[in-house]
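Visitor: Could you walk me through this one?
Guide: Gladly, let's take a look together.

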Amino acid sequence: MMALQSTLISCWLLLHINDAAGKSDIVRIGAIFDEPSLREEQVFRAAIEAINGNRKLLAHSRLSAIIETVKPGDSMAAYKKACAMLQTGVAAIFAGSTDGGSVQTACDHLEVPLLMARWQNRRPPFAINLHPPPSTLAAAYRSVLQALGWQDLVVVCDSSEGLLRVKELLKDDAFRVTLRDLPRGLDYRELLKAIKLSGIVHILLEVHRSKIHSLLKQAQQIGLMTAYHHYFITSLDLHTVDLEDFKYSGTNTTALRLINLSDGTLQQILRDWSADLDDSGNIFGGEIVSTELALVYDAVQLFARALSDLDKTRAIEVLPLNCSKEQ
């Protein structure tokens, strides 16, 4: 899959580059993040530094980051900043903002590669999103639940976006699903008591990572975390949640993870980030890297691999593009 994505990016790059013997060896890559975005910016820059330090990957070119931030949901500002980047001659843009749609509009219009690393219900034509698509996640959820032998289950969901992620399960005749909305606020005990009274012991949590510990703690308090209960948590960031309080509960808890925390390359990257980004010597203040941050790093690496295919045969100059003009 990574090889296919790299090939697609190489093809798109060919649409707006010139042979440039004697030109600058700097290739610009843009990024637009939500404010505040310290961690995302740091990881983005760290990925570029790693690529520039690997002359086997880009023998003739070096990457240079152009990073902008916008307030969450400010689509006009995101669009304007994307267009400003394109006028400087960026080879691709990474959309780390929640309003990636406006950045996508600019990139689609000018056929410029758009890199993304977060969940998205629909995939735009000129985008490479390293986050698994909904169909892939749905198939993975189904495979896990079938392997576990689940038939009756309660799905607890905290958002409309989360509902989209589990909608295929809700329609699947292989399962008898009871859907429950997570209440607003911080007290989930009434919902958990109702689940306990239902007698269903298989519980799927489609909730934000920040709510997982509190939700499980309250479940433990009312007796909904015992050896008879089994949880499947859809968050790809469960590895960042402290589960020490539930270590001896006997509850079987299952989740999926994209990051191999024991991988030697990842461990070296984390040590480098720790040394570069945090004076205390801890990675992001002791917080384990999230899936989205890891995918930000991977997205830049993927772009570099695509660029490397062109870099081997030509010097590269990326053409400036104007959002207000037909190219």
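Visitor: How many helices and strands does the protein chain have?
Guide: Helices (H or I, at least four residues) and strands (E, at least two) are DSSP runs, numbered from the N terminus. This is a predicted model, where local features need pLDDT of at least 70, side-chain atom pairs count only at pLDDT 80 or more, and totals for chains, interfaces and linings use all residues. Residues are numbered from 1 along each chain as its sequence is written, and side-chain values use heavy atoms, with hydrogens and water left out. The protein chain has ten helices and twelve strands.

Visitor: What percentage of the 327 residues in the protein chain is buried?
Guide: Buried means under 20% relative accessible area, exposed over 50%, and partly exposed in between (1.4 Å probe, protein chains only). Of the 327 residues in the protein chain, the buried ones make up 48%.

Visitor: Which residue forms a salt bridge with arginine 165?
Guide: A salt bridge puts a side-chain nitrogen of Lys or Arg within 4 Å of a carboxyl oxygen of Asp or Glu. In this pair the closest N and O atoms are 3.0 Å apart, and the partner of arginine 165 is glutamate 206.

Visitor: Where do the two partners, arginine 165 and glutamate 206, lie?
Guide: Arginine 165 counts as buried because its relative accessibility is 16%, and glutamate 206 is buried because its relative accessible area is 3%. They link distant parts of the chain, 41 residues apart: arginine 165 is in helix H6 (residues 160–171) and glutamate 206 in strand E9 (residues 202–206).

Visitor: Why are glutamate 168 and lysine 171 separated by about one helical turn?
Guide: These two form a salt bridge, with the closest N and O atoms 3.4 Å apart. Glutamate 168 is partly exposed at 38% relative accessible area, whereas lysine 171 counts as exposed at 56% relative accessibility. They are about one helical turn apart because they are three residues apart in helix H6.

Visitor: Which residues make the nonpolar surface patch of about 210 Å²?
Guide: Patches are made of residues with over 30% relative accessible area and no salt bridge; like charges are joined within 9 Å, nonpolar side chains (Val, Leu, Ile, Met, Phe, Trp, Tyr) within 5 Å. Accessible areas come from the Shrake-Rupley method with a 1.4 Å probe, and for residues only the protein chains shown count as cover. One member, leucine 179, lies in strand E8 (residues 176–181) and counts as partly exposed at 35% relative accessibility. The patch is made by Leu163, Leu170 and Leu179.
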